[in-house]
Amino acid sequence: MKLSKKLLKALNAQINLELASAYLYRAMSHDMKNLALHGYAKWLDKQYEEERQHAFKIISYVEDRDGVVDFDAVAGVGKHYGSPLDAAKDSLAHEEKMSASIRDLFRLAREEGDIETELFLQWFETEQVEEEVNARDNVAGFEKAKDCEGLLYMFDAHLGGR
Ligand SMILES: [Fe+2]
Ligand SMILES: [Fe+2]
């Protein structure tokens, strides 16, 4: 069965969002390096790699289903992060948006009666739960460390162990 036009369009949009996520995390990592927060920067580099893999997974799936990937322009980041708490908060908000978008995609697959895509998206549903947990933990950690250099140093080192 071929992917429906609607579903193919939505999968293309998700590929684009995953690539934009990768871009965002790499930009955050860059800003954290400039703040000498090398642990969080390393954590964000791994996140960049994960998001790239998410995009790759969907690209491969579209190819397996004989669909065409558009490779549209990826949105810019448009800001710099002056503190790790600022980056962590934005990454949590971003992951919540990504979860919503995966959920919409899942619902569309169900509407279109595309069981294979529904099953394919299950992995992403589970992954998003984990992504939100990690992002929330980072916000909590940097919140605690915001008035204490020693705690910040420790939490940054902890994130570097990812
Ligand atoms: Fe992702
Ligand atoms: Fe993510």
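## Tour of the iron site and a helix pair

Start with the iron ion (ligand 2): its donor residues follow the sequence spacing E-x43-E-x35-E. This is a predicted model, in which local features need pLDDT of at least 70, side-chain atom pairs count only at pLDDT 80 or more, and totals for chains, interfaces and linings use all residues. Residues are numbered from 1 along each chain as its sequence is written, chains are lettered from A and ligands numbered from 1 in written order, and side-chain values use heavy atoms, without hydrogens and water.

Select E51, E95 and E131. The iron ion (ligand 2) is coordinated by E51 (OE), E95 (OE), E95 (OE) and E131 (OE), at 1.9 to 2.6 Å. Donors here are N, O and S atoms within 2.8 Å of the metal (3.2 Å for Na, K and Ca); water is not among the atoms, so sites may look incomplete.

E51 bridges the iron ion (ligand 1) and the iron ion (ligand 2), which lie 3.4 Å apart. E51 sits in helix α2 and E95 in helix α3 (residues 84–111), so the pair ties together parts 44 residues apart in sequence. Helices are DSSP runs (H or I, at least four residues), numbered from the N terminus.

Now show helix α2 (residues 38–64) with helix α5 (residues 149–160). They pack at an angle of about 30°, with their axes 6 Å apart. Axes are lines fitted to C-alpha atoms over the stretch in contact, and angles run from 0 to 180 degrees between N-to-C directions.

Finish on the contact (heavy atoms within 4.5 Å). Select H38, G39, Y40, K42 and W43 of α2, then D156, L159 and G160 of α5.

Note on methods
Helices (H or I, at least four residues) and strands (E, at least two) are DSSP runs, numbered from the N terminus.
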